[in-house]
Amino acid sequence: MVFCGPIGELCTSFFKSKRMEEGSAPGTIEIYSNYLSRFIAYCSKHSISSINEIILATLLYLICEVENIRQQLNGGLLAALN
């Protein structure tokens, strides 16, 4: 996965260090990659291009948005099963 922009460069650096760590499982790195990819997309959607622009509220809104999507998906799945 390729990360772009200043925040993406930080993510790329993070993954390079994780890959070099002894005992870092490829599955763990893939999970980190998926979460960070969502985070970068969220930042891009909200015109956040610098790590300095990220505040606690940014992270809380992202978590709420992800949780709302998860609940909608689970609700749709439960309705389909009934």
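Mentor: What follows is a set of questions about this structure, each answered by setting a value against its definition.

Mentor: Please keep in mind throughout that this is a predicted model.

Trainee: What makes up the secondary structure of the protein chain?

Mentor: The protein chain comes to 3 helices and 0 strands, and from the N terminus on the elements run α-α-α.

Trainee: How do you know that the span of α1 is close to the expected one?

Mentor: Helix α1, residues 5-20, has 16 residues and reaches 23 Å from its first C-alpha to its last, where 22 Å is expected at 1.5 Å a residue. The expected value is 1.5 Å times one less than the number of residues, and the span of α1 is close to it. In α2, which has 20 residues, the reach is 28 Å and the expected span is 28 Å as well.

Trainee: Which residues of α1 are buried, and why can they be said to lie on the same side of α1?

Mentor: The buried residues in α1 are I7, G8, C11, F15 and K18. They cover an arc of only 95° around the axis, and this puts them on the same side of α1. An α-helix has 3.6 residues a turn, so residues three or four places apart point the same way. The face turned away from the buried side of α1 carries the exposed residues P6, E9, K16 and M20, while the buried residues of α1 pack against α2, residues 26-45.

Trainee: Which residues of α2 are buried?

Mentor: In α2 the buried residues are I29, S33, F39, I40, Y42 and C43. Taking the protein chain as a whole, buried residues make up 20% of its 82 residues.

Trainee: What makes a set of residues a nonpolar core, and which residues make up the largest one?

Mentor: The largest nonpolar core has 11 residues in all, namely I7, C11, F15, I29, F39, I40, Y42, C43, I48, I54 and L62. Of the helices, α1 and α2 each supply at least two residues of this core, and α2 gives the most, with 5 residues. In soluble globular proteins, nonpolar side chains tend to be buried together.

Trainee: Why is T58 called buried, and what does T58 touch?

Mentor: T58, which lies in helix α3, has a relative accessible area of 8%, and since buried means under 20%, the word applies. Not counting residues up to four places away in sequence, T58 touches Y42, I48 and E53. Y42 in turn, leaving aside its neighbours within four places in sequence, is in contact with T58, Y61, L62 and E65.

Trainee: Why is the pair K45 and E65 called a salt bridge?

Mentor: The side chains of K45 and E65 meet at 3.8 Å, N to O, and the definition asks for a distance within 4 Å, so the pair qualifies. K45 lies in helix α2 and E65 in helix α3, residues 56-81, so the pair ties together parts that are 20 residues apart in sequence. By this rule the count comes to 1 salt bridge.

Trainee: Are K45 and E65 described as exposed or as partly exposed?

Mentor: K45 has a relative accessible area of 59% and is exposed, because the word calls for a value over 50%. E65, at 28% relative accessibility, counts as partly exposed.

Trainee: How is I63, in helix α3, described?

Mentor: I63 is exposed, with a relative accessible area of 55%.

Conventions
Residues numbered from 1 in each chain as written. Predicted model: local features only at pLDDT ≥ 70, side-chain atom pairs only at ≥ 80, totals over all residues. Heavy atoms only, no water. Helix = DSSP H or I, 4+ residues; strand = E, 2+ residues; numbered from the N terminus. Buried < 20%, exposed > 50% of the residue type's maximum accessible area, 1.4 Å probe, protein only. Arc of directions from axis to C-beta. Contact = heavy atoms within 4.5 Å. Core = buried A, V, L, I, M, F, W, Y, C linked by side-chain atoms within 4.5 Å.
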